[in-house]
Amino acid sequence: MTKRAMNLGLALVLAVSANGMQAASAKTKLALSETDTYALEMAESACASQDFSALFEAMARSDMVRAKYSAPTINVVTDGATKSVAADNYADFPIALLDYSWVTRASVLASEADPAAVIENVEKELNQSKANQWAVEWQVVRYGPPSEDNEIGEIIERIGKPGVLSFEPYDGCWRLIEDFRG
């Protein structure tokens with residue numbers, strides 16, 4: 001085989017490989033759920049308008065948004081012990097949105113496996129620093145019966161230890177850097 005034939009063969013292999021990667025990328029884009037597509041658009045809009053609350057809502061709705069807006073490693077602090085987790089391996093984001101209610105992600109996943117599982121409600125508070133860092137303080141709560149002027153009722157019990165999700169400004173938006181629990 002001549003050197004020219006080998007080069008042509010290599011070029012053909014590379015071209016086929018590149019086309020395969022482009023096709024895989026197109027399939028990935030097509031594989032996005034409607035929720036992920038909506039949440040990614042919501043996150044981009046939130047960053048453009050510097051609306052952290054909307055970005056956090058998008059993160060609570062979509063794993064894809066959480067992955068995109070996370071630091072390469074996230075510090076996970078549990079009862080004083082810190083470990084760094086690669087963003088690709090961080091699957092324990094604690095908060096989700098179920099319809100318009102803030103709940104624990106773990107309880108949503110449990111209810112998908114067992115419809116009789118109890119959904120845990122979350123109270124959250126967003127706090128911004130002067131350096132444009134954000135902390136989302138959260139805790140599992142139980143609500144009493146709704147009153148006439150309140151759809152969900154008053155908090156009657158705080159359950160377990162509170163948590164804090166910390167975000168830093170990054171590339172015109174924010175990214176998750178720490179998940180603190182207890």
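Author: Start with the nonpolar core, which is a set of buried Ala, Val, Leu, Ile, Met, Phe, Trp, Tyr and Cys residues joined through side-chain atoms within 4.5 Å. Keep in mind that this is a predicted model.

Reader: How many residues does the largest nonpolar core have, and which have the most contacts inside it?

Author: The largest core has 34 residues, and those with the most contacts inside it are L55, F56, I95, L165 and F167. At least two residues of this core come from each of α2 (34-48), α3 (52-61), β1 (70-78), β3 (95-98), β6 (134-143), β7 (155-170) and β8 (173-181). Helix α3 gives the most, with 7 residues.

Reader: Take L55. Which residues does L55 touch, not counting those up to four places away in sequence?

Author: With those left out, L55 touches A43, A46, C47, Y69, C173 and W174.

Reader: Next, the aromatic rings. How many aromatic pairs does the structure hold?

Author: The structure holds 7 aromatic pairs. To sort such pairs, look at the angle between the planes: under 30 degrees counts as stacked. The rings of F52 and W134 have planes at 5° and centres 4.7 Å apart, so this pair is stacked. F52 lies in helix α3 and W134 in strand β6, so the pair ties together parts that are 82 residues apart in sequence.

Reader: Are F52 and W134 buried or exposed?

Author: F52 is buried, and W134 is buried too. A second case is F56 with W102: their ring centres are 5.6 Å apart and their planes at 25°, so the pair is stacked. This pair also links distant parts of the chain, with F56 in helix α3 and W102 in strand β4 (residues 101-104), 46 residues apart. F56 and W102 are both buried.

Reader: Which residues do the ring pairs link into a cluster?

Author: The cluster consists of F52, F56, F93, W102, W134, F167 and W174.

Reader: Now the salt bridges. What is their count?

Author: The count comes to 10 salt bridges, taking a side-chain nitrogen of Lys or Arg within 4 Å of a carboxyl oxygen of Asp or Glu. In one of them, the side chains of R66 and D63 meet at 1.7 Å, N to O. These two are 3 residues apart in helix α4 (residues 63-68), separated by about one helical turn. R66 is buried, with a relative accessible area of 8%, whereas D63 is partly exposed at 43%.

Reader: Which residues are linked with R66 in a network of salt bridges?

Author: D63 and R105 are linked with R66 in that network.

Reader: Where in the chain are K161 and D79?

Author: The side chains of K161 and D79 meet in a salt bridge of 2.9 Å, N to O. The pair links distant parts of the chain: K161 is in strand β7, and D79 is in the loop between β1 and β2 (81-86), 82 residues apart. Both K161 and D79 are exposed.

Reader: What about E123 and R158?

Author: Their side chains form a salt bridge at 2.3 Å, N to O. E123 is in strand β5 (residues 121-128) and R158 in strand β7, 35 residues apart. E123 is partly exposed, with a relative accessible area of 31%, and R158 counts as partly exposed at 46%.

Notes. Residues are numbered from 1 along each chain as its sequence is written. This is a predicted model: local features need pLDDT of at least 70, side-chain atom pairs count only at pLDDT 80 or more; totals for chains, interfaces and linings use all residues. Side-chain values use heavy atoms; hydrogens and water are left out. Buried means under 20% relative accessible area, exposed over 50%, partly exposed in between (1.4 Å probe, protein chains only). Helices (H or I, at least four residues) and strands (E, at least two) are DSSP runs, numbered from the N terminus. Contact means heavy atoms within 4.5 Å. Rings of Phe, Tyr and Trp (its six-membered ring) pair if their centres lie within 6.5 Å; planes under 30 degrees apart count as stacked, over 60 as edge-to-face and the rest as tilted.
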